[in-house]
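Here is a short report on aromatic contacts. Look at the rings first, then read on.

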Amino acid sequence: QLQQVESGGGSVQAGGSLRLSCATSGRTFGHFAMGWFRQIQGKEREFVASIPRSGGATDYADSVRGRFTISRDNAKNTVYLEMNSLQPEDAAVYYCNAVVGSPPMALFSAWGQGTQVTVSS
């Protein structure tokens, strides 16, 4: 089980950028592929991006491909999401979790508190 703490959210104008971080506890971070998800109020949580255990081949939702970049630092037990060219439709609470399968799905039922991203037009 991981314990995730997301941070880095905020309010930006359309076209702006943010970098999200997800710090995890435990010594098993490197055992898991990791992913970012987002949830707009009243809607289902959706997949955003994923990265394998040792980095390498990443995967993105079509809506963010080319604008978002996921990365990880296994020495710091942290996964990142660099978000560029943000649009109002990207506004959501962003969460990280370990992932499995294709398409990637959250492995653990427990979620962190998330980090809020607000984009004004």
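Buried means under 20% relative accessible area, exposed means over 50%, and partly exposed lies in between (1.4 Å probe, protein chains only). The model is predicted: local features need pLDDT of at least 70, side-chain atom pairs count only at pLDDT 80 or more, and totals for chains, interfaces and linings use all residues. Residues are numbered from 1 along each chain as its sequence is written, and side-chain values use heavy atoms, with hydrogens and water left out.

**Aromatic pairs**

The structure holds four aromatic pairs. Rings of Phe, Tyr and Trp (its six-membered ring) pair if their centres lie within 6.5 Å; planes under 30 degrees apart are stacked, over 60 edge-to-face, the rest tilted. Two of the pairs include F32 with F108 and F37 with F47.

| Pair | Centre to centre | Angle between planes | Geometry |
|---|---|---|---|
| F32 and F108 | 5.4 Å | 80 degrees | edge-to-face |
| F37 and F47 | 6.0 Å | 75 degrees | edge-to-face |

F32 sits in the loop between β3 (18–24) and β4 (33–39), and F108 in the loop between β10 (105–106) and β11 (115–120), so their pair ties together parts 76 residues apart in sequence. Strands are DSSP runs (E, at least two residues), numbered from the N terminus. F32 is buried at 17% relative accessibility. F108 is buried too, at 13%.

F37 is buried at 6% relative accessibility. F47 is buried at 18%. F37, F47, Y95 and W111 form one aromatic cluster.

**Charges over rings**

A charge sits over a ring if NZ of Lys or CZ of Arg is within 6 Å of the ring centre and within 35 degrees of the ring normal. R45 lies over the face of Y95, 4.2 Å from the ring centre. R72 lies over the face of F29, at 4.4 Å.

Technical notes
Helices (H or I, at least four residues) and strands (E, at least two) are DSSP runs, numbered from the N terminus.
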